[in-house]
Amino acid sequence: MFSLWRPEQQSAEHWRDALIGLQDMLEVLGAREICVMVVDQDVEKASPQRMTASMQPPHGMLSIRLEGASGLDPVLGLLQKHVARLHAYQVKESMPCTEKRIARKAQLGIKTRIGERAPGMCQVSLFKCPPRLQREQWSSYWREHGFNAYILQSIFDCRQNTVINALTSGAPEIDAIVEEHYPDAAIGNPDGFYGTQGNSELLYAREQATSESVCRFMDFGSLDCILTSFYQVSA
């Protein structure tokens with residue numbers, strides 16, 4: 001996974017299109033399952049929902065599956081022509097709650113297609129394991145929250161990526177990168193985010209329960225959370 005910063009002279013939309021347009025060249029270099037996540041106008045209303053500890057959080061993310069570390073340098077060389085800066089991480093991917101994910105997509109009528117913008121928004125969170133937790137305990141709490149999210153929020157898809165190694169020098173130390181997908185109603189709207197359908201008491205209860213679940217495995221001082229448009233560019 002690559003955290004990416006947009007060149008100042010480019011609009012978010014032109015930059016997004018440029019990243020999506022790298023598909024053919026990335027595939028020639030051996031990349032598969034290419035996904036592009038960018039903060040753009042389609043998620044502008046979600047700006048108040050961002051939570052960032054960094055002075056300059058990333059403007060987007062790119063994820064690929066690459067067979068072997070030998071293919072990384074050519075990919076970095078290609079991406080560096082299209083970003084102000086970047087960092088790369090090797091991750092172990094997990095997609096929890098398969099049955100809940102399928103049921104929620106059916107409930108919301110969500111259909112995703114390769115090459116098209118996914119419905120709603122993708123919340124990308126990068127964070128560290130708190131010093132107060134042992135790694136196994138941290139991982140357990142984090143996985144449990146993946147189940148809680150389907151109960152407390154309108155989430156319809158989730159990918160939990162455990163960071164194995166930083167692949168670029170100077171990359172910030174992080175332990176997790178999470179991709180969580182929410183429907184259009186969640187963009188800039190807490191009621192839609194928590195799926196509470198106008199019930200203010202239920203909204204408050206779900207906000208509190210979510211905060212308690214998250215605080216078990218995360219200190220917010222390490223969190224960069226950006227809201228993005230999501231494109232799965234290739235299978």
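A residue is called buried when its relative accessible area is under 20%, exposed when over 50%, and partly exposed in between (1.4 Å probe, protein chains only). By this criterion Trp142 is buried, with a relative accessible area of 2%. The structure is a predicted model, in which local features need pLDDT of at least 70, side-chain atom pairs count only at pLDDT 80 or more, and totals for chains, interfaces and linings use all residues. Residues are numbered from 1 along each chain as its sequence is written, and side-chain values use heavy atoms, with hydrogens and water left out.

**Aromatic pairs**

- Rings of Phe, Tyr and Trp (its six-membered ring) pair if their centres lie within 6.5 Å; planes under 30 degrees apart count as stacked, over 60 as edge-to-face and the rest as tilted.
- The count under this rule is six aromatic pairs.
- One of them joins Phe127 and Trp142 edge-to-face, at 5.9 Å centre to centre and 80° between the planes.
- Because Phe127 belongs to strand E6 (residues 121-127) and Trp142 to helix H5 (residues 135-152), this pair ties together parts that are 15 residues apart in sequence; helices (H or I, at least four residues) and strands (E, at least two) are DSSP runs, numbered from the N terminus.
- Phe127 is buried, at 1% relative accessible area.
- Ring pairs also link Phe127, Trp138, Trp142 and Phe217 into a cluster.

**Phe193 and Tyr194**

- The ring centres of Phe193 and Tyr194 are 5.0 Å apart and the planes stand at 65°, so this pair is edge-to-face.
- Phe193 is buried at 8% relative accessibility, and Tyr194 is buried at 12%.
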